[in-house]
Structure formats: structure tokens, C-alpha cells
Amino acid sequence: MSNQILRLTKKDESTDCAIHPFAPKYDLNENYDDHQKFGRPIAESTQIKFISPSEVDYFKIRSGDKIELFDRTKAFPRKSSKGKNYSDFWTTLSFGYKPLEAFNIVIEEAKYMLDLEEGWDGDIASPIDPILFNRACKCISDYIEAVYNDKFFVIQSPSIDPVGDGSIDFTWRLNNARMLINFKYVQNRILGHYYGDLQNNEIPIKGNVPTDKVYEHLMKWMQNLK
Amino acid sequence: MDAESEVTTLILNGDFTNNCNLYRNYHKQFIRDGMVNAGAFAFEGGMSVDWDKYTSPDECIIRVGLTYKTGKTDFKNHSDFELLSLNVKDIKMIEGVSSINFTPIPKNQEEIGKPYNVSHSDVWFVDPELRLKFTYIANKIEVNREYIDKKVDEIKRRNEAIASAKKID
């Protein structure tokens, strides 16, 4: 087992360490033949969560696999020995940092739109369907989490606004990039129609995506919304 | 503002020069944190605007107050509406805008709840997501609320008097 860990460790050093939040904290030159765990903390801090050998082993095997990005970003539900649910290994590794914390506040503020009645725009605007609202917010949350899991930063939270036809706009207006994703029902299906560019029309992206999963091309572009 | 090259495929049905401005009214619900959001440029088979060559900002809001809500016989509350200005040159630079059409509503077609509007125009664009770009070129226009309120009341009273006179006849 220690040989296997050593092999994976060398691989990880060249591939994953750039985004591995703990890599600089560990002595990667340790002689692993004499140890049953991956490295050891150079300076143990109260802020650093100690990772049990079994958890490290699990993570390293997963990170060494050639798995699809989507699989990597999605949760690997499992239970620790203490019975605590771990929905995502990056979350576990990042001292419990919550990438959706800011966005959840925006969602709470945007819930006012669920109380809008027909004609809220002074004319014939449709009310906002709560299912559409929930699915759209969940979809954006998934993308925010996916970016976080991929690059270990949290993109800016969008503003959430109702549109007169009953659809919902998620808008980013940043200095370096802008994007609008409009969620609406299309033939009883919820689709997100998006447009984005890096201002001045550079690297534009547009199209539509269903809300069922995170699509890599959109998630990669959304990394510009830093 | 976009530094895009001017789109040559844009069709102008009207003598719209680069100095012209198009006024777009929108409900206060579309303001968040002091900024107008993309919902204010909703695509309803063309985006209705008023050409500044034939109207003033105050007149735009007055017309809102004299217009019935769609499919109803009660007037829009003009106090809830604000006004934006879109420069024609800026619109031309937005890739995806297909045409700007001068589509006036003549006086002989005027009726209560549907005022005539010699400045009415439409902006056509392909992708609804272009609404996002409009938020970058839009400038808020201040109007004289006191004058507008007075004028709307005056015209409504006059229209009611005319309608009553017609009934008596």
C-alpha cells in the first residue's frame, strides 16, 4: 500500500499540487516506506484539519484516476468513521469554507420576486414561478461550486432579477467580464439562455443549457467571473 | 461602451443619425441598487422606443400615463415609470441589433388608452441576451414630474369630458 501511495504522490506532485490547498503544508520528500500516511504536516496549526490516513488514501486514489471533470466536481457521498456526511472532498479540505455563502445571501434577497403579482411591471408581467426560481438558483449554485472545486476560488455572485415574461435573469456586470443567463420554460423544460463576454466583445460565449447538470464549457467560461 | 466595429447589416427604416437618441420607458421594478437591469429591455417583438427627434422626455412619460395596461381599461401609473436614453450610434455598435424602424402611431388612430405617438420606433434584435449590452449604453433621463402629473390629469379630464359629450349626443 505504501508503494502505491508513493506512486500516486509523485503523480500528484506534478499534476494536482497546483490546486491542492494542502500541498505546501506537507513535506513531500518524506520517506513514505516508513509511514502509513501521505506526508505529514510541516507546521501543525489549529486551523489545519488533520486528515486521517484513510481519507487521504481515498482522495489520492480519486485524484490519480483519469476521471471526467464533471465527476470530479460532483460530490462523492460517503460517511467518515465518525458518521459525519462528507458531500465534497474539497469542502472537507478547505476548513469548511462555504463557496455558496455569498450567493445564498443574494438568493434570500431575491426571494421578494416570488411575491410579485401579475402586472408587477405596471402592465402585464407574469408572476415568477417558484419552481423556476428554485431550479435556476440551484443551477447557478452548482456552477459556482463546480468552479470552486475546479479552481479553488469563488466567482462573484450575480444579481437576480425578474423579467416581464416570467423568466429570471442572472447578471454579472464586472470590470473584466459580463454575463447574463436567462432561465425560462421552453416546452415544459427549463433552459438557461446565456450570453457573456470579456467586455469589448472578447471571447464571447452564448447558447443554452438545461439545468440538469454542470456543463463544462460554460463552467470553464464562468471562471472569468472572478 | 463597446469598442465593436459598427455593424453594417443594421437596417435603418428612418432618418436615424448617430446623434439621435431613443427614449425607453421602464418600470421602477427594473431598478436594483440604483442601476437598471436587463429586464427593462424586454423583447416584445421589437423593443418600443420614442425618437427624440419628435418628442421630449416629459412627453414620453405623459403618454405612459395616458396608456391603458395591455388588455385592460385602467391606465398605467406613470409615477412608477422612469426613462432611459439610448444613443443611436451606440446601438449601431451592438452586434445583433438587426434594425431600427420608425413606426409612428398617427393621430387619426388615437383612442382613449392608446394615445397617438409620432415618435414611436422599434429596435429589433436577434438574441434576447443582447439586453445585457443595452444596460451598458443606457443613460437615465430626468423628467419634470410635477409638470407630467399636471398634464396627465388635464388630458384625462379632457378625454372624459369628450367621452361624456359623445354619450349625450
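Modeller: A crossing of two helices is called right-handed if the near helix is turned clockwise from the far one by less than a right angle, and left-handed if the turn is anticlockwise. With that word in hand, and remembering that this is a predicted model, we can look at the place where helix 1 of chain B passes helix 4 of chain B, which is a right-handed crossing. The residues that make this contact are Asp58(B), Ile61(B), Ile62(B) and Gly65(B) on the side of helix 1 of chain B, and Tyr147(B), Ile148(B), Lys151(B) and Val152(B) on the side of helix 4 of chain B. Sorted by class, the contact of these two helices has five nonpolar residues, one polar residue and two charged residues.

Helix 1 of chain B covers residues 57-65 and helix 4 of chain B covers residues 145-168, and their axes come within 9 Å of each other and cross at roughly 40°. Helix 1 and helix 4 of chain B are therefore described as oblique to each other.

Helix 4 of chain B deserves a look of its own. With 24 residues, helix 4 of chain B reaches 35 Å from its first C-alpha to its last, which is close to the 34 Å expected at 1.5 Å a residue. It is hardly covered, however, since the count of buried residues among its 24 residues is two.

Elsewhere in chain B we can find residues that are buried. Val88(B), for example, sits in helix 2 of chain B, which covers residues 88-92, and Val88(B) is buried because 22 other C-beta atoms lie within 10 Å. Leaving out residues up to four places away in sequence, Val88(B) touches Phe16(B), Thr17(B), Asn18(B), Cys20(B), Leu22(B) and Ile100(B). The fold also brings Val88(B) to a C-alpha distance of 5.7 Å from Asn21(B), although the two are 67 residues apart in sequence. Met47(B), which belongs to strand 5 of chain B, residues 47-51, likewise counts as buried, with 22 C-beta neighbours inside 10 Å. Its partners, again without residues up to four places away in sequence, are Phe41(B), Asp122(B) and Val123(B), and the C-alpha atoms of Met47(B) and Phe125(B) are 8.4 Å apart in space while the residues are 78 apart in sequence.

Most residues other than glycine have a negative phi. Asp33(B), by contrast, has a positive phi, near 55°.

Taken as a whole, the contact between the chains uses 23 residues from chain B and 23 residues from chain A, and the side of chain B that touches chain A has ten charged, seven polar and six nonpolar residues.

Chain A itself has seven helices and seven strands, and buried residues make up 26% of its 226 residues. The buried residues of helix 6 of chain A include Ala136(A), Cys137(A), Ile140(A), Tyr143(A) and Val147(A), and the helix is followed by Phe152(A), whose phi is positive, near 65°. Another residue of chain A with a positive phi, about 60°, is Asn188(A), which is not a glycine; Asn188(A) is in the loop between strand 5 and strand 6 of chain A and is exposed, because 5 other C-beta atoms lie within 10 Å.

Notes. Residues are numbered from 1 along each chain as its sequence is written. Chains are lettered from A and ligands numbered from 1 in the order in which they are written. This is a predicted model: local features need pLDDT of at least 70, side-chain atom pairs count only at pLDDT 80 or more; totals for chains, interfaces and linings use all residues. Axes are lines fitted to C-alpha atoms, for helices over the stretch in contact, and angles run from 0 to 180 degrees between N-to-C directions. Helices (H or I, at least four residues) and strands (E, at least two) are DSSP runs, numbered from the N terminus. Angles under 35 degrees count as roughly parallel, over 145 as roughly antiparallel, 65 to 115 as roughly perpendicular and the rest as oblique. Two residues are in contact if their C-beta atoms, placed from the backbone, lie within 7 Å. Ala, Val, Leu, Ile, Met, Phe, Trp, Tyr, Cys and Pro count as nonpolar, Asp, Glu, Lys and Arg as charged, and the others, Gly among them, as polar. A residue is buried if 20 or more other C-beta atoms lie within 10 Å of its own, exposed if 12 or fewer, and partly exposed in between; C-beta atoms are placed from the backbone. The expected span of a helix is 1.5 Å times one less than its number of residues.
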